[in-house]
Amino acid sequence: MHSLAIPLVRHGVAVEPLYRQIVDAIERDIASGRFCTGDRLPSMRTLARQLDVARKTVLAAFTELEKRGRITRSPRSGSFIADVAPGPMAVRAREMARLPRFDHARIALPDRPVSARATFDLLGGIPALDAAPTVELARALRRSVTRDRGKTLIDYGDARGHKRLRAALTSWLARTRGLSVGIDGVQVVRGAQNGFYLAGRALLSRGDRVATESYLHPSVRALFRLLEVEVVPIPIDDAGMQISALEQLDADRRIRAVYTTPHHQLPSTVTLSPPRRKRLLELARDRRWMIFEDDYDHEFQYAGHPILPLAHQDRHGVVIYVGTLSKVVAPGLRIAFVAAPPPVIARIAEYRRFVDVQGDQILESAIADLLDDGDIERHVRRSLRLYRARRDALCEALAADLPMLRFTPPTGGMALWARAPGIDVDAWTRNALLHGVSFQPASLFACGDVPLDHARIGFAACSEARLREAVRLMARALPGHSNRR
Ligand SMILES: Cc1ncc(COP(=O)(O)O)c(C=O)c1O
(Lines give C-alpha, C1' and ligand atoms only; values in the text may rest on other atoms or scores of the structure.)
Protein backbone atom coordinates (compact mmCIF):
# COMPACT_ATOMS: atom_id res chain seq x y z
CA MET A 1 0.00 0.00 0.00
CA HIS A 2 1.32 3.43 -0.88
CA SER A 3 1.68 6.08 1.77
CA LEU A 4 0.41 9.44 0.68
CA ALA A 5 2.37 12.48 1.76
CA ILE A 6 0.19 15.29 0.47
CA PRO A 7 1.34 18.76 1.41
CA LEU A 8 -1.96 20.51 2.05
CA VAL A 9 -2.21 24.28 1.91
CA ARG A 10 -4.62 25.27 4.66
CA HIS A 11 -4.38 29.06 4.83
CA GLY A 12 -4.10 31.93 2.37
CA VAL A 13 -6.02 33.67 -0.33
CA ALA A 14 -7.92 31.53 -2.85
CA VAL A 15 -6.92 28.26 -1.18
CA GLU A 16 -8.40 25.22 -2.93
CA PRO A 17 -10.76 23.17 -0.76
CA LEU A 18 -8.83 20.40 1.02
CA TYR A 19 -10.69 17.57 -0.72
CA ARG A 20 -9.78 19.07 -4.14
CA GLN A 21 -6.13 19.23 -3.10
CA ILE A 22 -6.29 15.53 -2.22
CA VAL A 23 -7.95 14.73 -5.57
CA ASP A 24 -5.32 16.73 -7.46
CA ALA A 25 -2.44 15.11 -5.59
CA ILE A 26 -3.69 11.59 -6.30
CA GLU A 27 -4.29 12.42 -9.95
CA ARG A 28 -0.77 13.83 -10.18
CA ASP A 29 0.62 10.61 -8.69
CA ILE A 30 -1.33 8.56 -11.23
CA ALA A 31 -0.07 10.71 -14.10
CA SER A 32 3.54 10.51 -12.91
CA GLY A 33 3.41 6.74 -12.67
CA ARG A 34 3.76 6.62 -8.87
CA PHE A 35 0.44 4.82 -8.79
CA CYS A 36 -0.41 1.92 -11.07
CA THR A 37 -3.62 0.11 -11.79
CA GLY A 38 -4.63 -2.05 -8.84
CA ASP A 39 -2.59 -0.20 -6.19
CA ARG A 40 -4.46 0.04 -2.94
CA LEU A 41 -5.11 3.39 -1.29
CA PRO A 42 -4.97 3.78 2.49
CA SER A 43 -8.31 3.49 4.25
CA MET A 44 -10.24 6.71 4.70
CA ARG A 45 -9.67 6.66 8.43
CA THR A 46 -5.88 6.19 8.05
CA LEU A 47 -5.62 8.89 5.42
CA ALA A 48 -7.67 11.33 7.47
CA ARG A 49 -5.33 10.71 10.39
CA GLN A 50 -2.18 11.01 8.25
CA LEU A 51 -3.31 14.26 6.66
CA ASP A 52 -4.94 15.62 9.77
CA VAL A 53 -8.26 16.27 8.06
CA ALA A 54 -11.82 15.21 8.79
CA ARG A 55 -12.94 11.83 7.44
CA LYS A 56 -15.67 13.50 5.46
CA THR A 57 -12.97 15.46 3.56
CA VAL A 58 -11.34 12.20 2.50
CA LEU A 59 -14.76 10.76 1.67
CA ALA A 60 -15.46 13.76 -0.58
CA ALA A 61 -12.06 13.30 -2.31
CA PHE A 62 -12.60 9.54 -2.87
CA THR A 63 -16.13 10.13 -4.13
CA GLU A 64 -14.83 12.65 -6.66
CA LEU A 65 -11.99 10.32 -7.75
CA GLU A 66 -14.47 7.51 -8.20
CA LYS A 67 -16.73 9.78 -10.26
CA ARG A 68 -13.77 10.60 -12.50
CA GLY A 69 -13.04 6.89 -12.95
CA ARG A 70 -9.67 7.15 -11.19
CA ILE A 71 -10.40 4.73 -8.38
CA THR A 72 -12.74 1.87 -7.62
CA ARG A 73 -14.16 1.38 -4.14
CA SER A 74 -15.63 -1.58 -2.42
CA PRO A 75 -16.95 -1.53 1.14
CA ARG A 76 -15.13 -4.79 2.01
CA SER A 77 -11.72 -4.59 0.38
CA GLY A 78 -11.05 -0.84 0.16
CA SER A 79 -10.14 1.62 -2.58
CA PHE A 80 -7.91 0.84 -5.56
CA ILE A 81 -6.45 2.73 -8.48
CA ALA A 82 -8.67 2.00 -11.46
CA ASP A 83 -7.58 0.87 -14.90
CA VAL A 84 -5.90 4.17 -15.65
CA ALA A 85 -4.28 5.46 -18.83
CA PRO A 86 -0.64 4.30 -19.16
CA GLY A 87 1.74 6.29 -16.98
CA PRO A 88 4.84 7.99 -18.38
CA MET A 89 6.99 4.87 -18.00
CA ALA A 90 4.66 2.83 -20.16
CA VAL A 91 4.42 5.62 -22.73
CA ARG A 92 8.20 5.88 -22.78
CA ALA A 93 8.56 2.12 -23.24
CA ARG A 94 6.13 2.24 -26.16
CA GLU A 95 8.01 5.06 -27.80
CA MET A 96 11.30 3.26 -27.26
CA ALA A 97 10.01 0.10 -28.91
CA ARG A 98 9.33 2.12 -32.07
CA LEU A 99 13.03 2.88 -32.48
CA PRO A 100 14.60 0.08 -34.49
CA ARG A 101 17.45 -0.71 -32.13
CA PHE A 102 15.19 -0.75 -29.11
CA ASP A 103 12.84 -3.34 -30.48
CA HIS A 104 13.19 -5.73 -27.55
CA ALA A 105 10.91 -8.31 -29.15
CA ARG A 106 13.21 -8.61 -32.17
CA ILE A 107 14.55 -11.86 -30.79
CA ALA A 108 11.43 -13.96 -30.48
CA LEU A 109 11.08 -15.94 -27.27
CA PRO A 110 9.09 -19.16 -27.42
CA ASP A 111 5.63 -19.02 -25.87
CA ARG A 112 5.90 -19.66 -22.16
CA PRO A 113 4.30 -23.03 -21.58
CA VAL A 114 2.17 -22.67 -18.50
CA SER A 115 -0.09 -25.16 -16.87
CA ALA A 116 -2.49 -23.17 -14.74
CA ARG A 117 -2.50 -24.00 -11.03
CA ALA A 118 -5.84 -24.52 -9.33
CA THR A 119 -7.37 -25.42 -5.97
CA PHE A 120 -6.89 -29.08 -6.89
CA ASP A 121 -3.49 -29.40 -8.57
CA LEU A 122 -3.38 -32.60 -10.58
CA LEU A 123 -0.39 -31.46 -12.60
CA GLY A 124 1.91 -34.40 -13.05
CA GLY A 125 5.21 -32.87 -12.05
CA ILE A 126 4.45 -31.41 -8.65
CA PRO A 127 5.53 -33.44 -5.60
CA ALA A 128 3.88 -33.36 -2.15
CA LEU A 129 5.36 -30.10 -0.95
CA ASP A 130 3.76 -30.39 2.47
CA ALA A 131 5.75 -33.59 3.06
CA ALA A 132 9.12 -32.11 2.02
CA PRO A 133 11.88 -32.39 4.65
CA THR A 134 11.89 -28.66 5.43
CA VAL A 135 12.86 -29.09 9.11
CA GLU A 136 15.96 -31.06 8.13
CA LEU A 137 16.67 -28.53 5.36
CA ALA A 138 16.41 -25.59 7.76
CA ARG A 139 18.81 -27.31 10.15
CA ALA A 140 21.26 -28.09 7.37
CA LEU A 141 21.09 -24.53 6.02
CA ARG A 142 21.90 -23.16 9.46
CA ARG A 143 24.86 -25.54 9.74
CA SER A 144 25.97 -24.47 6.28
CA VAL A 145 26.01 -20.81 7.12
CA THR A 146 27.82 -21.27 10.40
CA ARG A 147 30.29 -23.90 9.21
CA ASP A 148 33.65 -22.24 8.70
CA ARG A 149 31.68 -19.13 9.73
CA GLY A 150 30.25 -19.30 6.23
CA LYS A 151 33.38 -17.76 4.77
CA THR A 152 34.13 -20.17 1.96
CA LEU A 153 30.46 -20.47 1.08
CA ILE A 154 30.03 -16.78 0.38
CA ASP A 155 33.16 -16.59 -1.73
CA TYR A 156 33.46 -17.30 -5.45
CA GLY A 157 33.50 -21.04 -5.97
CA ASP A 158 33.61 -23.85 -8.51
CA ALA A 159 31.30 -23.42 -11.52
CA ARG A 160 30.67 -27.18 -11.38
CA GLY A 161 29.03 -26.79 -7.98
CA HIS A 162 30.16 -27.09 -4.39
CA LYS A 163 32.64 -29.89 -3.94
CA ARG A 164 30.80 -31.45 -0.97
CA LEU A 165 27.61 -31.71 -2.99
CA ARG A 166 29.38 -33.14 -6.02
CA ALA A 167 30.98 -35.75 -3.76
CA ALA A 168 27.64 -36.56 -2.10
CA LEU A 169 25.94 -36.81 -5.50
CA THR A 170 28.67 -39.10 -6.80
CA SER A 171 28.05 -41.66 -4.07
CA TRP A 172 24.23 -41.22 -4.22
CA LEU A 173 24.28 -41.79 -8.00
CA ALA A 174 26.39 -44.92 -7.51
CA ARG A 175 24.09 -46.26 -4.75
CA THR A 176 20.78 -45.53 -6.44
CA ARG A 177 21.53 -45.67 -10.17
CA GLY A 178 24.66 -47.71 -10.52
CA LEU A 179 26.44 -44.76 -12.12
CA SER A 180 30.15 -44.71 -11.62
CA VAL A 181 31.12 -41.13 -12.24
CA GLY A 182 33.92 -39.46 -10.39
CA ILE A 183 33.51 -36.05 -8.83
CA ASP A 184 34.75 -34.44 -12.07
CA GLY A 185 31.91 -36.10 -13.93
CA VAL A 186 29.19 -34.21 -12.03
CA GLN A 187 27.91 -30.70 -12.59
CA VAL A 188 25.39 -29.13 -10.20
CA VAL A 189 22.82 -26.96 -12.00
CA ARG A 190 19.75 -24.93 -11.07
CA GLY A 191 17.13 -27.44 -12.13
CA ALA A 192 16.98 -29.87 -15.06
CA GLN A 193 15.79 -27.07 -17.31
CA ASN A 194 18.96 -25.14 -16.55
CA GLY A 195 21.03 -28.31 -17.03
CA PHE A 196 19.65 -28.92 -20.52
CA TYR A 197 20.04 -25.26 -21.39
CA LEU A 198 23.68 -25.17 -20.33
CA ALA A 199 24.46 -28.52 -21.96
CA GLY A 200 22.65 -27.44 -25.13
CA ARG A 201 24.49 -24.13 -25.30
CA ALA A 202 27.82 -25.77 -24.61
CA LEU A 203 27.43 -28.72 -26.96
CA LEU A 204 24.95 -27.92 -29.75
CA SER A 205 25.03 -25.41 -32.56
CA ARG A 206 22.18 -23.51 -34.12
CA GLY A 207 20.45 -25.66 -36.74
CA ASP A 208 21.57 -28.99 -35.25
CA ARG A 209 18.93 -31.70 -35.44
CA VAL A 210 17.76 -33.15 -32.14
CA ALA A 211 15.51 -36.20 -32.18
CA THR A 212 12.92 -36.39 -29.42
CA GLU A 213 9.95 -38.56 -28.52
CA SER A 214 6.81 -37.34 -30.24
CA TYR A 215 5.29 -36.24 -26.94
CA LEU A 216 7.65 -33.76 -25.35
CA HIS A 217 7.62 -31.71 -22.17
CA PRO A 218 6.59 -28.20 -23.29
CA SER A 219 9.37 -26.51 -21.31
CA VAL A 220 11.95 -28.72 -23.00
CA ARG A 221 10.44 -28.00 -26.42
CA ALA A 222 10.58 -24.26 -25.68
CA LEU A 223 14.19 -24.67 -24.63
CA PHE A 224 15.12 -26.29 -27.93
CA ARG A 225 13.43 -23.42 -29.73
CA LEU A 226 15.48 -21.00 -27.71
CA LEU A 227 18.62 -22.92 -28.66
CA GLU A 228 17.52 -22.68 -32.31
CA VAL A 229 17.97 -26.40 -32.91
CA GLU A 230 15.59 -28.38 -35.08
CA VAL A 231 13.43 -30.83 -33.17
CA VAL A 232 12.70 -34.06 -35.05
CA PRO A 233 9.89 -36.07 -33.41
CA ILE A 234 10.20 -39.87 -33.36
CA PRO A 235 7.06 -41.99 -32.85
CA ILE A 236 6.60 -43.96 -29.65
CA ASP A 237 4.75 -47.18 -28.87
CA ASP A 238 4.39 -49.52 -25.90
CA ALA A 239 8.15 -50.07 -25.80
CA GLY A 240 9.06 -46.39 -25.90
CA MET A 241 10.79 -44.46 -28.66
CA GLN A 242 10.87 -46.38 -31.95
CA ILE A 243 14.59 -46.67 -32.39
CA SER A 244 14.23 -48.20 -35.87
CA ALA A 245 12.46 -45.01 -37.01
CA LEU A 246 15.29 -42.99 -35.51
CA GLU A 247 17.82 -45.11 -37.36
CA GLN A 248 16.04 -44.66 -40.69
CA LEU A 249 15.59 -40.97 -40.19
CA ASP A 250 19.25 -40.43 -39.53
CA ALA A 251 20.08 -42.00 -42.90
CA ASP A 252 18.73 -38.98 -44.75
CA ARG A 253 18.69 -36.24 -42.11
CA ARG A 254 21.81 -36.38 -39.99
CA ILE A 255 20.95 -35.90 -36.39
CA ARG A 256 23.28 -34.60 -33.73
CA ALA A 257 21.60 -35.57 -30.50
CA VAL A 258 18.70 -37.52 -29.04
CA TYR A 259 16.68 -36.21 -26.11
CA THR A 260 14.77 -38.94 -24.28
CA THR A 261 12.87 -39.77 -21.06
CA PRO A 262 13.49 -43.56 -21.10
CA HIS A 263 12.49 -44.40 -17.52
CA HIS A 264 8.93 -43.09 -17.79
CA GLN A 265 8.34 -41.43 -21.13
CA LEU A 266 6.79 -38.07 -20.40
CA PRO A 267 3.80 -37.97 -20.46
CA SER A 268 2.87 -41.45 -21.74
CA THR A 269 4.78 -43.20 -18.85
CA VAL A 270 6.04 -46.06 -21.09
CA THR A 271 9.50 -47.43 -20.34
CA LEU A 272 12.06 -47.85 -23.10
CA SER A 273 12.53 -51.60 -23.54
CA PRO A 274 15.94 -53.26 -22.89
CA PRO A 275 16.56 -54.18 -26.58
CA ARG A 276 15.81 -50.62 -27.68
CA ARG A 277 18.10 -49.23 -24.99
CA LYS A 278 20.91 -51.43 -26.24
CA ARG A 279 20.31 -50.46 -29.86
CA LEU A 280 20.09 -46.75 -29.05
CA LEU A 281 23.46 -46.86 -27.30
CA GLU A 282 25.04 -48.79 -30.21
CA LEU A 283 23.70 -46.31 -32.73
CA ALA A 284 24.85 -43.36 -30.65
CA ARG A 285 28.33 -44.84 -30.50
CA ASP A 286 28.48 -45.61 -34.23
CA ARG A 287 26.87 -42.44 -35.50
CA ARG A 288 28.29 -40.10 -32.89
CA TRP A 289 25.01 -38.90 -31.43
CA MET A 290 24.86 -37.37 -28.00
CA ILE A 291 22.06 -38.76 -25.85
CA PHE A 292 20.44 -36.29 -23.46
CA GLU A 293 18.84 -38.57 -20.90
CA ASP A 294 16.16 -36.82 -18.80
CA ASP A 295 15.68 -39.01 -15.72
CA TYR A 296 13.32 -36.57 -14.03
CA ASP A 297 11.53 -39.03 -11.71
CA HIS A 298 14.01 -41.85 -11.25
CA GLU A 299 13.04 -42.60 -7.64
CA PHE A 300 9.37 -43.21 -8.18
CA GLN A 301 8.94 -46.85 -9.11
CA TYR A 302 6.18 -48.69 -7.23
CA ALA A 303 6.72 -52.25 -8.39
CA GLY A 304 10.26 -53.52 -8.04
CA HIS A 305 13.30 -51.31 -8.38
CA PRO A 306 13.76 -48.31 -10.63
CA ILE A 307 15.16 -49.26 -14.02
CA LEU A 308 18.77 -48.26 -14.26
CA PRO A 309 19.40 -45.36 -16.61
CA LEU A 310 20.93 -45.53 -20.07
CA ALA A 311 23.94 -43.78 -18.55
CA HIS A 312 24.53 -46.91 -16.46
CA GLN A 313 25.10 -48.96 -19.63
CA ASP A 314 27.02 -46.26 -21.48
CA ARG A 315 30.54 -47.53 -22.20
CA HIS A 316 31.43 -44.88 -24.76
CA GLY A 317 30.68 -41.59 -23.05
CA VAL A 318 27.72 -40.72 -25.28
CA VAL A 319 25.12 -40.09 -22.55
CA ILE A 320 24.62 -36.73 -20.88
CA TYR A 321 22.51 -37.67 -17.91
CA VAL A 322 20.31 -35.12 -16.13
CA GLY A 323 18.54 -35.74 -12.83
CA THR A 324 16.74 -33.29 -10.58
CA LEU A 325 15.65 -32.82 -6.98
CA SER A 326 12.56 -30.97 -8.22
CA LYS A 327 10.44 -34.11 -7.93
CA VAL A 328 12.37 -35.83 -5.15
CA VAL A 329 12.22 -32.84 -2.80
CA ALA A 330 10.78 -29.62 -4.28
CA PRO A 331 11.03 -27.67 -7.54
CA GLY A 332 11.73 -24.35 -5.83
CA LEU A 333 15.12 -25.59 -4.63
CA ARG A 334 16.42 -25.40 -8.19
CA ILE A 335 18.93 -28.18 -7.59
CA ALA A 336 19.67 -30.71 -10.30
CA PHE A 337 22.75 -32.34 -11.74
CA VAL A 338 24.36 -33.39 -14.98
CA ALA A 339 26.49 -36.55 -15.03
CA ALA A 340 28.75 -36.98 -18.07
CA PRO A 341 32.36 -37.60 -19.03
CA PRO A 342 34.65 -35.02 -17.38
CA PRO A 343 35.53 -33.16 -20.63
CA VAL A 344 31.80 -32.61 -21.24
CA ILE A 345 31.33 -31.37 -17.68
CA ALA A 346 34.35 -29.08 -18.04
CA ARG A 347 32.83 -27.54 -21.14
CA ILE A 348 29.43 -27.03 -19.52
CA ALA A 349 31.12 -25.48 -16.49
CA GLU A 350 33.15 -23.19 -18.75
CA TYR A 351 29.96 -22.00 -20.40
CA ARG A 352 28.26 -21.55 -17.05
CA ARG A 353 31.10 -19.42 -15.77
CA PHE A 354 30.13 -16.77 -18.32
CA VAL A 355 26.42 -16.69 -17.67
CA ASP A 356 25.81 -17.74 -14.08
CA VAL A 357 29.29 -17.95 -12.51
CA GLN A 358 28.26 -20.62 -9.99
CA GLY A 359 25.36 -21.94 -7.94
CA ASP A 360 24.12 -21.19 -4.44
CA GLN A 361 26.89 -22.71 -2.35
CA ILE A 362 25.06 -22.36 0.97
CA LEU A 363 22.13 -24.36 -0.36
CA GLU A 364 24.40 -26.83 -2.14
CA SER A 365 26.32 -27.52 1.04
CA ALA A 366 23.05 -28.04 2.95
CA ILE A 367 21.78 -30.48 0.32
CA ALA A 368 25.08 -32.35 0.61
CA ASP A 369 24.32 -32.84 4.32
CA LEU A 370 20.81 -34.11 3.55
CA LEU A 371 22.25 -36.63 1.11
CA ASP A 372 25.08 -37.73 3.40
CA ASP A 373 22.82 -38.02 6.46
CA GLY A 374 20.31 -40.15 4.56
CA ASP A 375 17.51 -37.57 4.93
CA ILE A 376 16.77 -37.59 1.21
CA GLU A 377 16.67 -41.37 0.97
CA ARG A 378 14.34 -41.48 3.99
CA HIS A 379 12.16 -38.86 2.34
CA VAL A 380 12.09 -40.90 -0.89
CA ARG A 381 10.92 -43.99 1.02
CA ARG A 382 8.15 -41.97 2.71
CA SER A 383 7.15 -40.38 -0.61
CA LEU A 384 6.96 -43.77 -2.29
CA ARG A 385 4.46 -45.01 0.29
CA LEU A 386 2.47 -41.80 0.05
CA TYR A 387 2.42 -41.67 -3.74
CA ARG A 388 1.56 -45.36 -4.12
CA ALA A 389 -1.54 -44.86 -1.93
CA ARG A 390 -2.42 -41.70 -3.85
CA ARG A 391 -2.01 -43.45 -7.19
CA ASP A 392 -4.36 -46.20 -6.04
CA ALA A 393 -6.89 -43.69 -4.76
CA LEU A 394 -6.82 -41.82 -8.07
CA CYS A 395 -7.25 -45.01 -10.09
CA GLU A 396 -10.23 -46.08 -7.96
CA ALA A 397 -11.85 -42.66 -8.15
CA LEU A 398 -11.41 -42.51 -11.94
CA ALA A 399 -12.85 -46.00 -12.36
CA ALA A 400 -15.89 -45.01 -10.29
CA ASP A 401 -16.60 -41.50 -11.58
CA LEU A 402 -15.08 -41.47 -15.06
CA PRO A 403 -15.52 -45.08 -16.25
CA MET A 404 -15.11 -44.11 -19.89
CA LEU A 405 -11.40 -43.37 -19.36
CA ARG A 406 -8.92 -46.03 -20.49
CA PHE A 407 -5.67 -46.32 -18.56
CA THR A 408 -3.24 -48.77 -17.03
CA PRO A 409 -2.25 -47.89 -13.46
CA PRO A 410 1.29 -46.59 -13.83
CA THR A 411 4.07 -48.63 -12.26
CA GLY A 412 6.01 -45.47 -11.55
CA GLY A 413 6.06 -41.72 -11.77
CA MET A 414 3.74 -39.10 -10.37
CA ALA A 415 0.98 -39.07 -12.98
CA LEU A 416 -1.15 -41.38 -15.06
CA TRP A 417 -1.88 -41.17 -18.74
CA ALA A 418 -5.46 -41.82 -19.66
CA ARG A 419 -7.22 -42.11 -23.00
CA ALA A 420 -10.52 -40.28 -23.12
CA PRO A 421 -12.21 -41.72 -26.22
CA GLY A 422 -14.47 -39.28 -28.01
CA ILE A 423 -13.84 -36.49 -25.52
CA ASP A 424 -12.48 -33.08 -26.48
CA VAL A 425 -9.72 -33.14 -23.87
CA ASP A 426 -8.70 -29.52 -24.44
CA ALA A 427 -12.24 -28.35 -23.74
CA TRP A 428 -12.39 -30.68 -20.75
CA THR A 429 -9.22 -29.34 -19.12
CA ARG A 430 -10.36 -25.75 -19.73
CA ASN A 431 -13.72 -26.51 -18.17
CA ALA A 432 -12.12 -28.36 -15.25
CA LEU A 433 -10.07 -25.30 -14.46
CA LEU A 434 -13.30 -23.38 -13.98
CA HIS A 435 -14.27 -26.09 -11.49
CA GLY A 436 -10.94 -25.62 -9.67
CA VAL A 437 -9.04 -28.65 -11.02
CA SER A 438 -5.92 -28.51 -13.16
CA PHE A 439 -4.65 -31.42 -15.24
CA GLN A 440 -2.99 -31.54 -18.63
CA PRO A 441 -4.26 -32.32 -22.13
CA ALA A 442 -2.17 -34.32 -24.63
CA SER A 443 -2.02 -31.27 -26.88
CA LEU A 444 0.31 -29.61 -24.38
CA PHE A 445 2.94 -32.27 -25.11
CA ALA A 446 2.22 -33.11 -28.74
CA CYS A 447 5.30 -32.69 -30.84
CA GLY A 448 4.67 -35.02 -33.77
CA ASP A 449 1.62 -36.69 -35.18
CA VAL A 450 0.16 -38.19 -31.98
CA PRO A 451 -3.33 -38.90 -30.65
CA LEU A 452 -4.76 -35.97 -28.71
CA ASP A 453 -7.54 -37.82 -26.88
CA HIS A 454 -5.37 -38.33 -23.79
CA ALA A 455 -4.88 -36.53 -20.50
CA ARG A 456 -2.09 -36.51 -17.94
CA ILE A 457 -3.47 -36.63 -14.43
CA GLY A 458 -1.06 -36.21 -11.52
CA PHE A 459 -1.55 -37.74 -8.09
CA ALA A 460 1.52 -36.89 -6.03
CA ALA A 461 0.57 -33.47 -4.72
CA CYS A 462 -2.97 -34.16 -3.44
CA SER A 463 -4.19 -36.20 -0.49
CA GLU A 464 -6.42 -39.19 -1.23
CA ALA A 465 -9.55 -37.32 -0.08
CA ARG A 466 -8.71 -34.33 -2.26
CA LEU A 467 -8.04 -36.60 -5.24
CA ARG A 468 -11.50 -38.12 -4.86
CA GLU A 469 -13.06 -34.66 -4.66
CA ALA A 470 -11.03 -33.51 -7.68
CA VAL A 471 -12.21 -36.48 -9.76
CA ARG A 472 -15.85 -35.71 -8.88
CA LEU A 473 -15.27 -32.17 -10.14
CA MET A 474 -13.55 -33.48 -13.27
CA ALA A 475 -16.61 -35.62 -13.99
CA ARG A 476 -18.81 -32.56 -13.64
CA ALA A 477 -16.51 -30.63 -15.97
CA LEU A 478 -16.76 -33.18 -18.81
CA PRO A 479 -18.12 -31.49 -21.91
CA GLY A 480 -21.80 -32.60 -21.95
CA HIS A 481 -21.26 -34.73 -18.84
CA SER A 482 -24.89 -35.43 -17.94
CA ASN A 483 -25.37 -37.98 -20.73
CA ARG A 484 -22.01 -39.69 -20.44
CA ARG A 485 -22.28 -42.44 -17.85
C1 LIG B 1 10.53 -34.28 -18.16
C2 LIG B 1 10.94 -33.08 -17.40
N3 LIG B 1 12.13 -32.55 -17.66
C4 LIG B 1 12.55 -31.46 -17.01
C5 LIG B 1 11.77 -30.83 -16.07
C6 LIG B 1 12.30 -29.62 -15.38
O7 LIG B 1 12.65 -29.90 -14.07
P8 LIG B 1 13.37 -28.84 -13.18
O9 LIG B 1 12.35 -28.28 -12.23
O10 LIG B 1 14.45 -29.58 -12.45
O11 LIG B 1 13.93 -27.78 -14.06
C12 LIG B 1 10.54 -31.34 -15.77
C13 LIG B 1 9.68 -30.65 -14.79
O14 LIG B 1 8.48 -30.73 -14.77
C15 LIG B 1 10.10 -32.51 -16.45
O16 LIG B 1 8.90 -33.05 -16.19
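Start with the whole chain: the C-alpha centres of domain 1 and domain 3 lie 51 Å apart. The model is predicted; local features need pLDDT of at least 70, side-chain atom pairs count only at pLDDT 80 or more, and totals for chains, interfaces and linings use all residues. Residues are numbered from 1 along each chain as its sequence is written, and side-chain values use heavy atoms, with hydrogens and water left out.

**Domains.** Colour 18-95 as domain 1, 120-124 + 378-483 as domain 2, and 133-374 as domain 3. These bounds come from an automatic or database domain assignment.

**The sheet.** Next, show the strands β4, β12, β11, β10, β9, β5 and β6, which form an open sheet of 7 strands in that order, with mixed pairing. Strands are DSSP runs (E, at least two residues), numbered from the N terminus, and two of them pair if DSSP finds at least two bridges between them. At the edges are β4 and β6 (230-234), each pairing on one side only. Neighbouring strands of the sheet are turned by 20 degrees against each other on average, direction ignored; the axes are lines fitted to C-alpha atoms.

**Strand β12.** Select residues 336-339. Which residues cover the two faces of β12? A336 and V338 lie on one side, F337 and A339 on the other, and all are buried (under 20% relative accessible area, 1.4 Å probe, protein chains only).

**Strands β5 and β6.** Move to β5 (residues 209-213), which pairs with β6 in the parallel sense over 5 bridges. Select T212 to find P233 of β6 opposite.

**The ligand.** Finally, select the residues around the ligand (a heavy atom within 4 Å): G191, A192, Q193, H217, L266, D294, Y296, T324, S326, K327 and R334.

- Q193: a backbone N or O atom lies 3.0 Å from an oxygen atom of the ligand.
- T324: an N or O atom in the side chain is 2.6 Å from an oxygen atom of the ligand.
- S326: a polar side-chain atom lies 2.7 Å from an oxygen atom of the ligand.

On its own the ligand has 400 Å² of accessible area, of which the protein covers 90% (Shrake-Rupley method, 1.4 Å probe).

How values were computed: Buried means under 20% relative accessible area, exposed over 50%, partly exposed in between (1.4 Å probe, protein chains only). Helices (H or I, at least four residues) and strands (E, at least two) are DSSP runs, numbered from the N terminus. Axes are lines fitted to C-alpha atoms, for helices over the stretch in contact, and angles run from 0 to 180 degrees between N-to-C directions. A polar contact is a pair of N or O atoms within 3.5 Å; within protein, one must be able to donate a hydrogen and the other to accept it, and residues adjacent in sequence count only if both atoms are side-chain atoms.
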